[in-house]
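This report goes through selected local features of one structure. The sequence and the coordinates come first, and the notes follow.

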Amino acid sequence: MIDLLSLVGLAVDAAIVVLILIVQLIIYPSFLFYDRDNLVSWHNNYTGKIAVIVGPLMVVQLLLAVYNVFTGGSYTIGTIYLVFVLSTWVTTALIFVPLHKKVTQNTHTDGDLRSLVSKNWIRVVLWVIILSITLLKLNLLQ
């Protein structure tokens with residue numbers, strides 16, 4: 001039987017994977033089809049709205065990861081999960097926030113836009129691994 005916190009964690013992990021795949025396969029590639037002024041306008045609209053969705057999901061994921069390290073049954077799995085969650089935060093802060101800032105400030109290049117797509121695979125892989133760890137932990141993936 002899956003407890004409520006595990007079910008919330010599973011839902012959050014799955015939601016983030018769906019969201020990052022939409023970003024990876026649809027949203028980021030579409031940036032290359034906008035003219036510069038329209039992109040900046042759309043991007044400023046998009047980032048504010050997506051942050052309202054992504055931010056709480058990432059915070060809940062991080063809080064559950066920390067909680068599970070200290071209270072979960074398997075310290076090792078909990079720690080590995082936490083490392084992957086922290087990796088998504090680090091890559092977001094060090095790679096994606098600066099790239100999005102360039103677009104917001106209208107100082108981006110086409111290379112920056114292509115970097116959003118190519119480098120975002122890092123976060124796709126990290127979040128798929130995170131979801132896989134959760135599924136394995138809950139014995140839902142074998």
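In which helix does Asn120 lie? Asn120 lies in helix α4; helices here are DSSP runs of H or I with at least four residues, and they are numbered from the N terminus.

## Basis

This is a predicted model, in which local features need pLDDT of at least 70 and side-chain atom pairs count only at pLDDT 80 or more, while totals for chains, interfaces and linings use all residues. Residues are numbered from 1 along each chain as its sequence is written, and side-chain values use heavy atoms, with hydrogens and water left out.

## Helix α4

Helix α4 covers residues 110–137, 28 residues in total. From first to last C-alpha it reaches 41 Å, close to the 40 Å expected at 1.5 Å a residue; the expected span is 1.5 Å times one less than the number of residues. A kink of about 30° is centred on Asn120, where the bend is the angle between axes fitted to the seven residues ending at a residue and the seven starting there.

After α4 comes Asn139, which has a positive phi near 55°.

## Residues of α4

Asn120 has 0% relative accessibility and therefore counts as buried (buried is under 20% relative accessible area, exposed over 50%, partly exposed in between, with a 1.4 Å probe and protein chains only). Leaving aside residues up to four places away in sequence, Asn120 touches Ile20, Val23, Gln24, Tyr28, Phe96 and Ser115; contact means heavy atoms within 4.5 Å. Phe96 also has Arg123 over its face, at 3.8 Å from the ring centre (the criterion is NZ of Lys or CZ of Arg within 6 Å of the ring centre and within 35 degrees of the ring normal).

Asp112 is another residue found in helix α4, and at 10% relative accessibility it counts as buried. The Asp112 side chain makes a polar contact of 3.3 Å with the side chain of Lys102. A polar contact is a pair of N or O atoms within 3.5 Å; within protein, one must be able to donate a hydrogen and the other to accept it, and residues adjacent in sequence count only if both atoms are side-chain atoms. With residues up to four places away excluded, Asp112 touches Leu99, Lys102 and Thr107.

## Aromatic cluster

Tyr28, Phe31, Trp42 and Tyr46 form one aromatic cluster. Rings of Phe, Tyr and Trp (its six-membered ring) pair if their centres lie within 6.5 Å; planes under 30 degrees apart count as stacked, over 60 as edge-to-face and the rest as tilted. The count by this rule is three aromatic pairs. The ring centres of Tyr28 and Phe31 are 5.6 Å apart with planes at 50°, so this pair is tilted. Phe31 and Tyr46 form an edge-to-face pair, 5.8 Å centre to centre with 80° between the planes. Because Phe31 lies in the loop between α1 (4–30) and α2 and Tyr46 in helix α2, this pair ties together parts 15 residues apart in sequence. Tyr28 and Phe31 are both buried, and so are both Phe31 and Tyr46.

## Val40 and Asn106

Val40 lies in helix α2, residues 36–71, and is buried at a relative accessible area of 11%. Val40 touches Val103, Thr104, Asn106 and His108, not counting residues up to four places away in sequence.

Asn106 lies in the loop between α3 (75–104) and α4. Asn106 is partly exposed, with a relative accessible area of 29%, and has a positive phi of about 60° although it is not a glycine.

Conventions. Helix = DSSP H or I, 4+ residues; strand = E, 2+ residues; numbered from the N terminus.
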